[in-house]
Amino acid sequence: MSHRHAVEHALDHDAAMLLAIERSQQVKGNTYPNPPVGAVILDRDGRVAGVGGTRPAGEAHAEIAALRRAGELAAGGTAVVTLEPCNHHGRTPPCVDALLAAGVAEVVYAVDDPHPEAGGGAARLAAAGVRVRSGVQADAVVAGPLREWLHKQRTGRPHVTWKYATSIDGRSAAADGSSQWITSEAARADLHRRRAAADAIVVGTGTVLVDDPTLTARLPDGSLADRQPLRVVVGEREISADARVFNEDSHTMVIRTHDPAEVLRALSDRTDVLIEGGPTLAGAFLRAGAIDRILAYVAPILLGGPITAVDDVGVANIARALRWRFDATEQIGPDLLLSLVPH
């Protein structure tokens, strides 16, 4: 039985890809080790017939989920997918097989699949007479839901984001050490959404000893999100077994080291890692060149005082400054979210 999505008017390829990206964002965090992919099936007239996102490992890929919703309306239509359809047998059959069986006339995708076993789907589709178009909204996909997975495929290591919140003058706490709440409720809700999509949150023992955080992902009403990331505590100081980071809300790993390389080796099976520790941990990862993205939540307040977001990063003079570039800015409530990547 076919299913008609709520969007009844015809969409062009760019608009359909943005809808696929939206769906991929919704499933991000629930697909490991598969990438979070979104797919949209347009019928012959360009109207949305089905939308799908990658299901948890061992279940349907995005294209399959969208085809099931589209049913017979897929025949002669267009599949719009954030990642090149796979061409290999893993836990599930190749998505290329399902697209050909459904009789789609055209496949539009954003990014080539870098995996040597899964790649080649576009060529096989073209050889079967399906029109294929690539690169549609590729920048939005690469900088968005597939950022971390593509990094892992390219480098073999987790993608590491350092997240912090500061006042406009770069202070992470007031002079007395108080830091709740520098940023707005809207910014905190955004952080919790990102936590729920991440594989691990890393803090230092100092943060646990001073702040006693739970490091959980919560919904706006304060309840726990369905998915919780692994909590990781790094450092050599002893912490109490009664610390809230050890509660039953999620699993917790303690890594007795100050070496970022050892931390990443211990998390080598993860893809999306958030560093939320204090200035010492952030400085160590920055000195090691182990940060792939910075997310800075900047509040329009002034605090002054000595407590900054990061300690020594190995910069002796301005010529040796660590250079980054902005790849996105976004206003969230009264606060500004800055996204930076290495220059």
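This is a predicted model: local features need pLDDT of at least 70, side-chain atom pairs count only at pLDDT 80 or more; totals for chains, interfaces and linings use all residues.
1. Eight strands form an open sheet in the order β9-β8-β7-β10-β6-β11-β13-β12, and their pairing is mixed. At the edges stand β9 (252–255) and β12, each of which pairs on one side only. From one strand to the next, the twist averages 20°.

2. A pair of strands within the sheet. Strand β7 (residues 200–204) and strand β8 (residues 230–234) run parallel and are joined by five bridges. As an example, Ile201 has Arg231 as its bridge partner in β8.

3. A helix on the sheet. The helix α6 packs on the sheet and touches β6 (159–167), β10, β11, β12 and β13. The direction of α6 makes about 135° with that of β6.

4. The second largest pocket. This pocket has a volume of about 710 Å³. Its lining consists of 29 residues, and those nearest the centre are Gln25, Lys28, Arg193, Arg194 and Ala197.

5. Elements around the pocket. Two or more lining residues come from each of the helices α1 (13–27), α6 (147–155) and α7 (185–197). The strands β10 (272–275), β11 (293–299), β12 (324–332) and β13 (335–342) likewise give two or more residues each to the lining of the second largest pocket. The largest share, five residues, is supplied by α7.

6. Sorted by class, the residues lining the second largest pocket are 12 charged, 10 nonpolar and seven polar.

Key. Residues are numbered from 1 along each chain as its sequence is written. Side-chain values use heavy atoms; hydrogens and water are left out. On a 1 Å grid over the protein atoms alone, a cavity is a set of points where a 1.4 Å probe fits but cannot get out, and a pocket is an open set with protein on both sides within 12 Å along at least five of seven lines; lining residues have an atom within 4 Å of a point. Grid points are joined across faces, edges and corners, and a volume is the space filled by probe spheres set on the points. Helices (H or I, at least four residues) and strands (E, at least two) are DSSP runs, numbered from the N terminus. Ala, Val, Leu, Ile, Met, Phe, Trp, Tyr, Cys and Pro count as nonpolar, Asp, Glu, Lys and Arg as charged, and the others, Gly among them, as polar. Two strands pair if DSSP finds at least two bridges between them. Axes are lines fitted to C-alpha atoms, for helices over the stretch in contact, and angles run from 0 to 180 degrees between N-to-C directions. Contact means heavy atoms within 4.5 Å.
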